Amino acid sequence: MSRTASRPTPSGLDLPGRRGSAQQARQLLDRVDADPWGQFTPSVYETARVHTHLPGFPGAAARVDWLLEQQAPDGRWGTGSAGHRLLPTLSATVALLAQLYDAPSEGRLRTAVSRGLDALRAVPGHGAPPDTAAVELLVPVLLAEVNRLLDTAPAGSHPALRVLRLAPRLGPAHGLSAAPAAALAERLRRLTALPVKWHHCYEALASAVPEALVPPPPAGLLGGSPAATAAWLARTPAGAAHHRVTAALEAAAQRYGGLFPETAPLAAFERLWVLAALAEAGLLTGAETLARRWLEPLTEPGGVRGAPGLAPDADDTAMALLVAAVLGLPHDHDALAPFWAGDHFACYLGEETGSLSANAHALLALGACLPHHPAHRSTVTALRGWLAAQQTPDGHWTDKWHASPLYATSRAATALARHGGPAARPVLRRAARWALRTQHPDGSWGVWGATAEETGYGARILLAAPGTPAEPLARAHAYLARSLAEDTPAHPPLWHDKTLYTPTAVVEAELLATLHTLAARAPAPAPAPGYRTARRPQA
């Protein structure tokens, strides 16, 4: 992302190898502890949807300027593959198109809308989009919204408005077609209640959902989503609840410099992933009290939630169980039971596609519980088989929560290395061969170009496999030393929600854990003075 929110934050962590790693881990934990929101990059999608539903929300002018600055030369918004850029481009185009109707003489708006529409018309109609959250609902609704705005362009003498009324409408994109509100309303009328998992994408339903299905006032943001909350506010009459929810959205805007992340607050997810990464490297010594304080509020019947307003899920539940088991803290060793689907864990109730990483985390958690709870042995055995069966013929894994197969493969390899037994060895060797084939000559990894984050995952795959030679690990270590010493730009968004985002503190914890391990297994040349993690986005 080329520009982020404006409030400054401290510089990144110094990472001097194993020496001082415990101190650096403590500094990271303290920084995460001080932030109840979480360190996440702003989202074009969420920011644009908030502006569309609440164009008069405080800070609107700055948000429009930011959206205009985020547009790439090819007319699209977002990062990653063409499929990953579809939703940000749709949402930004809708927001700016509506803005243009109020100010047709604004040249920047006219140019941005024209380029956005051209980019959307060039999207292939076939294929499948990435498996991001609710993509099968969000894309059709936004396609229909663009076409509706073009159909209802206000009458006026300005040439820009006449051009828009004559502009071609959008067809299918990546196999998804426009879904008018009437068609969506017909589907929703069959429900007796709106599933909690749909609260997170309520902005796509708001114009069509029957009155009886409108969610009650949330305690904070609806479904943890700024966009969903803005849609709820736009539909709900003024009153005490409206005022309270508005204040929650204003607080999120203030925390992220007037912009909005994919989910807020997301501190529970951030803290669990940071704890798990540091625990894996043995860097949580002395942090048991802090970990207990973080974990206790997350425990509730039915599992752990990644954020307030979201449904409990197996991934966060597994991470909480893993950290508690590793640190010897009190825990419910049966916490994952509600998610068991026969041979693997469903990430959440009603899930359509299984999550590789959630099941790898479950295997790590239950494996850590086995010494005291041997009844989990049959579940562990089933999980081993399920994970191994998901491996592709060339040796890697993929997952719906991350765009890079390096993340999923490192998760599966780590879990199988610890709890897979002798049968996992050929699986791990295939994963290592894939990692060696995909390592770049400079020692890095990355699906869209080298990144420190993916290089850390690539190194972890090799660390998990038996008999890995030291040379590729040393090259990876050297790349990380060079990359992070250069104070490089923010880690690019690779994690899946509705669109791509970066959980900055989580990535830093992953890198710290990897470098701590590499320092013993594959020493690299000493980094230059000022060795740091990649500079965090200012949020």
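Two residues are in contact when they have heavy atoms within 4.5 Å. Keep that cut-off in mind as you work through this predicted model.

**Exercise 1. Helix 10**

Find how the span of helix 10 compares with the expected span, and what covers its buried residues.

*Solution.* 
- Step 1: Start with the limits. Helix 10 runs over residues 240-255, which gives it 16 residues.
- Step 2: Compare the spans. From first C-alpha to last, helix 10 reaches 23 Å, close to the 22 Å expected at 1.5 Å a residue.
- Step 3: Pick out the buried residues. In helix 10 these are His242, Val245, Thr246, Ala248, Leu249, Ala252, Ala253 and Arg255.
- Step 4: Look at what lies over them. The cover of these buried residues includes helix 9.
- Step 5: Step just past the end of the helix. There, glycine 257 has a positive phi of about 65°.

**Exercise 2. Leucine 221**

Is leucine 221 buried or exposed, and which residues does it touch?

*Solution.* 
- Step 1: Locate the residue. Leucine 221 sits in the loop between helix 8 and helix 9 (226-235).
- Step 2: Use the cut-off for burial, which is under 20% relative accessible area. Leucine 221 has 6%, so it is buried.
- Step 3: List its contacts, leaving aside neighbours within four places in sequence. They are Pro226, Thr229, Ala248, Leu249, Ala252, Ala264 and Pro308.
- Step 4: Link back to Exercise 1. Ala248, Leu249 and Ala252 are contacts of leucine 221, and they are also among the buried residues of helix 10.
- Step 5: Glutamate 46 is 175 residues from leucine 221 in sequence, while their C-alpha atoms are 13 Å apart in space.

**Exercise 3. Threonine 409**

Why does threonine 409 count as buried, and what does it touch?

*Solution.* 
- Step 1: Threonine 409 belongs to helix 16, residues 405-419.
- Step 2: Check its accessibility. Threonine 409 counts as buried because its relative accessibility is 0%.
- Step 3: Name its contacts. Not counting residues up to four places away in sequence, threonine 409 touches Gly395, His396, Trp397, Ala431, Trp434 and Ile461.

**Exercise 4. A cavity**

How many cavities of 30 Å³ or more does the search find, and what lines the second largest cavity?

*Solution.* 
- Step 1: Count them. The whole structure has 3 cavities of 30 Å³ or more.
- Step 2: Give the volume of the second largest cavity, which is about 70 Å³.
- Step 3: Look at its lining. Residues there include Gly83, His84, Pro129, Val139 and Lys498. Helix 4 contributes the largest share, 3 residues.
- Step 4: Sort by class. This lining has 7 nonpolar, 4 polar and 1 charged residues.

Technical notes. Residues are numbered from 1 along each chain as its sequence is written. This is a predicted model: local features need pLDDT of at least 70, side-chain atom pairs count only at pLDDT 80 or more; totals for chains, interfaces and linings use all residues. Side-chain values use heavy atoms; hydrogens and water are left out. Helices (H or I, at least four residues) and strands (E, at least two) are DSSP runs, numbered from the N terminus. Buried means under 20% relative accessible area, exposed over 50%, partly exposed in between (1.4 Å probe, protein chains only). On a 1 Å grid over the protein atoms alone, a cavity is a set of points where a 1.4 Å probe fits but cannot get out, and a pocket is an open set with protein on both sides within 12 Å along at least five of seven lines; lining residues have an atom within 4 Å of a point. Grid points are joined across faces, edges and corners, and a volume is the space filled by probe spheres set on the points. Ala, Val, Leu, Ile, Met, Phe, Trp, Tyr, Cys and Pro count as nonpolar, Asp, Glu, Lys and Arg as charged, and the others, Gly among them, as polar. The expected span of a helix is 1.5 Å times one less than its number of residues.
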